[in-house]
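Please open the model in your viewer and keep the selection tool at hand.

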Amino acid sequence: MTVGDFKAQFSSSLNKVLGGEEIQILYGRSKKPVAQFTRIQEKSKSKKRPLGMYENKASYWEDENFEFSPENLFDNVDDLD
């Protein structure tokens with residue numbers, strides 16, 4: 001499907017993708033494929049991650065109130081000098 005066709009038929013193209021069809025977007029006079037639209041696959045719930053060589057020797061947990069932000073990561077950078 002060309003870029004122009006995709007723009008003109010966006011809603012119907014989206015419905016096709018939701019139905020499982022893949023749509024390639026073609027560009028330029030040569031109609032070279034430049035993009036492909038596909039339905040996003042649902043992620044399966046990940047398994048508990050092992051601790052590598054420390055499996056069965058160590059454990060890891062997070063408190064339910066644990067919060068992480070980039071600001072917290074660099075709070076004590078000045079203390080390293």
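Begin by selecting tyrosine 27, which counts as exposed because its relative accessibility is 55%, above the 50% cut-off for that class. Please note that the model is a predicted one. Tyrosine 27 has its place in strand β1, residues 23-27.

Next, display strand β2, residues 32-37, alongside β1; the two pair in the antiparallel sense over five bridges. Within this pairing, select isoleucine 25, which stands opposite alanine 35 in β2.

Proceed to the connection. The strands β1 and β2 form a hairpin with four residues between them. Select glycine 28 in the turn, where phi is positive at about 80 degrees. Then move to lysine 31, in the loop between β1 and β2. Lysine 31 also has a positive phi, near 50 degrees, although this residue is not a glycine. Most residues other than glycine have a negative phi. With 47% relative accessibility, lysine 31 counts as partly exposed.

Finally, select serine 13, located in helix α2, residues 10-18. Is serine 13 buried or exposed? Serine 13 is buried, because its relative accessible area is 1%, and buried means under 20%. Which residues is serine 13 in contact with, leaving aside its neighbours within four places in sequence? Select Met1, Phe6 and Ile23 to display these contacts of serine 13.

Definitions and conventions:
Residues numbered from 1 in each chain as written. Predicted model: local features only at pLDDT ≥ 70, side-chain atom pairs only at ≥ 80, totals over all residues. Heavy atoms only, no water. Buried < 20%, exposed > 50% of the residue type's maximum accessible area, 1.4 Å probe, protein only. Contact = heavy atoms within 4.5 Å. Pairing = 2+ DSSP bridges.
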